[in-house]
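Student: Hey, can you walk me through a structure? I'm new to this one.

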Amino acid sequence: MSQEETLLLLNAGYDVNAIAEAKGIKPQTVYSHLSELINNDKLSDFSSIITREQYLRVMDVAKKHPDDFYVLLADEMPVGLPRVAVAISDFLLRKKGNS
């Protein structure tokens, strides 16, 4: 239920921090919910969550340092955002495989 609430708030125009505040949870938890929603194909518009530049940065660092890219990006972007980028990458691969 909590993930669905996150999706409803996102669709209502709330950003990650506003969702966290409204639900009384950490932004990191919101990013976790968003990752799961993407993994379950319940979210396919990522424009309000991550910028293209952030996504490309995560993919670049993950390619070069697959074992510790989360740590390397910790000072650069919100905790949890790299996980969203990985979920998006997996989503895009699934969609490409189905076409």
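Tutor: Here is a short tour, from the overall fold to single residues. Keep in mind that this is a predicted model.

Student: OK. How many helices and strands are there in the protein?

Tutor: Six helices and zero strands. Along the sequence the pattern reads α-α-α-α-α-α.

Student: What does the C-alpha trace span along its principal axes?

Tutor: About 35 × 35 × 20 Å.

Student: And what radius of gyration would a compact globule with 99 residues have?

Tutor: Near 13 Å. The protein has 13 Å, so the value agrees with that of a compact globule.

Student: What share of the residues counts as buried?

Tutor: Of the 99 residues, 35%. The accessible surface comes to about 6,200 Å². Carbon and sulfur atoms account for 51% of that surface.

Student: Now contacts. Take those between residues at least 6 apart in sequence: what percentage joins residues at least 24 apart?

Tutor: That would be 56%.

Student: Switching to charges. How many are positive and how many negative?

Tutor: There are 11 positive and 14 negative charges. Their mean positions are 6 Å apart.

Student: Let's do rings. How many aromatic pairs does a search of the whole structure find?

Tutor: Two. One of them is formed by Phe46 and Phe91. This pair is edge-to-face, with 5.4 Å centre to centre and 85° between the planes.

Student: Why does the pair of Phe46 and Phe91 tie together parts that are apart in sequence?

Tutor: Because Phe46 lies in the loop between α3 (27–39) and α4 (52–64), while Phe91 lies in helix α6 (residues 81–98). The parts tied together are 45 residues apart in sequence.

Student: Phe46: buried or exposed?

Tutor: Buried, at 13% relative accessible area. The cut-off for buried is under 20%. Phe91 is buried too, with a relative accessibility of 7%.

Student: What about the backbone? Which residue has a positive phi although it is not a glycine?

Tutor: Asp41, with a phi of about 60°. Most residues other than glycine have a negative phi.

Student: Where is Asp41?

Tutor: In the loop between α3 and α4. Asp41 is partly exposed, at 42% relative accessibility.

Student: And Lys42, where is that?

Tutor: Lys42 is also in the loop between α3 and α4. With 46% relative accessibility, Lys42 counts as partly exposed.

Student: Which residues is Lys42 in contact with, leaving aside neighbours within four places in sequence?

Tutor: Glu4, Leu7 and Leu37. Take Glu4: its C-alpha atom is 9.2 Å from that of Lys42, and the two residues are 38 residues apart along the chain.

Student: Give me some other separations. How far is Ala12 from Val61, C-alpha to C-alpha?

Tutor: 32 Å, and they are 49 residues apart along the chain. Ala12 is found in the loop between α1 (2–11) and α2 (16–23). Ala12 counts as exposed, at 56% relative accessibility.

Student: Last one, Lys95. What is its place?

Tutor: Helix α6. Lys95 is partly exposed, with a relative accessible area of 38%. Its C-alpha atom and that of Ala20 are separated by 29 Å. Along the chain, Lys95 and Ala20 are 75 residues apart.

Notes:
Residues are numbered from 1 along each chain as its sequence is written. This is a predicted model: local features need pLDDT of at least 70, side-chain atom pairs count only at pLDDT 80 or more; totals for chains, interfaces and linings use all residues. Side-chain values use heavy atoms; hydrogens and water are left out. Helices (H or I, at least four residues) and strands (E, at least two) are DSSP runs, numbered from the N terminus. The radius of gyration is taken over C-alpha atoms; the globule rule is 2.2 Å times the number of residues to the power 0.38. Buried means under 20% relative accessible area, exposed over 50%, partly exposed in between (1.4 Å probe, protein chains only). Contact means heavy atoms within 4.5 Å. Accessible areas come from the Shrake-Rupley method with a 1.4 Å probe; for residues, only the protein chains shown count as cover. Lys and Arg count as positive and Asp and Glu as negative; His and the chain ends are not counted. The place of a charge is taken as NZ of Lys, CZ of Arg, CG of Asp or CD of Glu. Rings of Phe, Tyr and Trp (its six-membered ring) pair if their centres lie within 6.5 Å; planes under 30 degrees apart count as stacked, over 60 as edge-to-face and the rest as tilted.
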